[in-house]
Amino acid sequence: MPGDEKQQQPRQRKKSKKSRAKGKSPTGSPLAASSDGDDGFILPPVPQPPPPKKPVAEKPKVSAAKLEEESSLAICLQVLFPFLLAGMGMVMAGMVLDNVKHWEVFKVITELFILVPALVGLKGNLEMTLAARLSTAANTGQMDDPNKQWTMVCSNLALIQVQATVMGFLAAIAAIVLGAISRGGVELDQAAVLCASSITTAFIAAFSLGARLTRGFCLWERRSSYRCFCSGLVMIGVIVGSRKVGINPDNVATPIAACMGDLITLSLLAGVGSTLYAYIDVWYLSPLVCLVFLSLIPLWVMVARQSPQIREILRSGWQPVIVAISISSFGGLILDKTVSDPKFEGMAVFTPVINGVGGNLVAIQASRISTYLHFWSIPGVLPYKMRQHWPNPFVTFFSSGVNSKSARVLLMLVLPGHMVFLLAISLLQGDEAPISIPFTVCYLCAALLQVTILLYFADLIVRLTWRKSLDPDNFSIPYLTALGDLLGTGFLALCFRCVSLLQSLGL
């Protein structure tokens with residue numbers, strides 16, 4: 001109808017004016033002003049350019065299949081050389097401890113023996129957790145970005161200085177308390193020497209680790225990764241180089257990290273303790289040394305906080321290290337009570353060996369399981385192949401998984417490795433070495449039992465920390481190495497007691 005058309009035209013015009021007032025056409029498209037000012041002229045919709053896409057960050061290229069491709073022979077060959085190298089370093093550490101136990105400072109301040117497992121364990125924990133963190137970072141491609149490497153190096157360096165200083169002080173306090181309970185009192189001048197010796201030893205040992213770390217990173221920047229690997233003294237070079245040549249860093253990093261750590265730590269403790277004991281009459285010297293190192297903690301914290309990951313460790317990573325120091329101190333108390341007893345002759349020689357071998361093997365296993373979890377799952381959720389929260393020993397050692405395979409390989413290295421180390425001690429000490437057939441049998445059984453327990457607990461603790469959304473590289477290794485120190489020292493004391501009992505029976 002004509003009347004209806006006339007009514008629709010004003011409606012259409014009103015609608016157009018309202019839309020134009022809002023800057024849109026009746027269809028919702030933007031309008032452009034017409035050249036003649038005609039209100040009824042509507043331009044076609046102007047197409048809007050699509051919003052620019054955000055660049056998608058390229059994911060690091062990692063070959064997760066390598067974890068499944070490792071055969072038992074490949075794992076054994078990769079672990080064998082670093083394992084033997086680290087063991088020889090522990091043999092030398094045992095020789096040093098057997099020598100310095102006759103020094104005057106060790107006879108007067110016997111709490112230094114309580115410090116030995118704690119400080120050696122602390123140095124090992126710092127090295128092994130650092131090696132595990134860097135191995136996981138290398139296996140997951142985080143070390144491939146050169147822009148983040150210097151931040152990672154500096155933050156880790158500052159972190160281990162903070163941990164070493166604080167833990168060295170707490171280890172000395174634990175030794176003083178245990179010594180006071182054992183002896184029935186505390187002498188303040190000896191306690192001051194003990195604290196200063198512990199903090200200084202921990203600081204210098206950690207600084208030497210950091211210096212090798214930084215030097216290795218600079219060497220890796222200037223040369224190829226293969227030369228870094230051949231240097232063998234530098235953590236970054238070892239991890240990056242092994243990654244480049246197709247070797248799993250989890251298999252080599254932790255033993256190489258600890259190969260000379262025990263020897264350096266014991267030598268430093270003996271040297272620093274003897275020097276400060278010589279000036280024990282200068283009452284302010286030892287407290288002043290403690291204050292100097294403790295005053296540097298805020299500086300190291302500022303540097304460490306540059307990395308978000310290290311910042312999180314500074315907030316929540318103290319519990320495992322403190323618990324580890326406490327557990328190792330009880331092992332040191334056993335050493336303190338037995339090292340001077342003629343029935344336990346040789347305790348000082350074998351303690352670093354049995355403790356170090358167990359700690360190295362369990363650290364390798366924990367690092368491998370941690371890398372596996374970082375590959376195949378997210379924190380808080382166990383992957384399907386590790387879905388059991390509390391696996392039984394059969395699952396840990398006899399299942400078909402890659403972690404069970406590595407556990408069997410590491411367990412098979414215990415007896416041959418310790419036989420090599422016993423032979424080395426026998427050759428170095430000659431007739432002074434208390435190595436007999438009964439002792440060898442008891443010692444090998446104790447070492448095998450120690451590593452079996454540690455590998456099973458590694459499976460349990462790593463799963464537990466992962467389910468609690470904690471990084472096993474930082475939280476599991478301190479517990480495991482401290483447990484290894486306690487088990488190793490206790491089982492070794494039982495070995496000497498069994499040999500003494502067999503000799504009294506005429507067997």
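Tutor: Buried means under 20% relative accessible area, exposed means over 50%, and partly exposed lies in between (1.4 Å probe, protein chains only). The model is predicted, so local features need pLDDT of at least 70 and side-chain atom pairs pLDDT 80 or more, while totals for chains, interfaces and linings use all residues. Residues are numbered from 1 along each chain as its sequence is written, and side-chain values use heavy atoms, without hydrogens and water.

Student: How many helices does the protein chain have?

Tutor: Helices (H or I, at least four residues) and strands (E, at least two) are DSSP runs, numbered from the N terminus. The protein chain has zero strands, and its helices number 21.

Student: What arc around the axis do the buried residues of helix 14 cover?

Tutor: Helix 14 spans residues 308-316, and Ile 310, Ile 313 and Leu 314 are buried in it. The arc is taken from the directions from the helix axis to the C-beta atoms. These three lie on the same side of helix 14 because they cover an arc of only 100°.

Student: Which exposed residues does the face turned away from the buried side of helix 14 carry?

Tutor: An α-helix has 3.6 residues a turn, so residues three or four places apart point the same way. On the face of helix 14 turned away from its buried side, the exposed residues are Pro 308, Gln 309 and Arg 315.

Student: Where do the two rings of the Phe 350 and Phe 496 pair lie?

Tutor: Rings of Phe, Tyr and Trp (its six-membered ring) pair if their centres lie within 6.5 Å; planes under 30 degrees apart are stacked, over 60 edge-to-face, and the rest tilted. Of the 14 aromatic pairs in the whole structure, Phe 350 and Phe 496 form a tilted one, 6.5 Å centre to centre with 50° between the planes. The two residues are 146 residues apart and link distant parts of the chain, with Phe 350 in helix 16 and Phe 496 in helix 21.

Student: Is Trp 376 buried or partly exposed, and at what relative accessible area?

Tutor: Trp 376 forms a tilted aromatic pair with Tyr 372, 6.4 Å centre to centre. Both lie in helix 16, four residues apart, about one turn of the helix. Tyr 372 counts as buried because its relative accessible area is 6%, whereas Trp 376 is partly exposed, at 42%.

Student: Which residue has its backbone oxygen 2.9 Å from a polar atom of the side chain of Thr 465?

Tutor: Thr 465 is in helix 20 (residues 437-467), and at 6% relative accessibility it counts as buried. Not counting residues up to four places away in sequence, Thr 465 touches Leu 470, Pro 472 and Phe 475, where contact means heavy atoms within 4.5 Å. The backbone oxygen lying 2.9 Å from a polar atom of its side chain belongs to Val 462.

Methods. A polar contact is a pair of N or O atoms within 3.5 Å; within protein, one must be able to donate a hydrogen and the other to accept it, and residues adjacent in sequence count only if both atoms are side-chain atoms.
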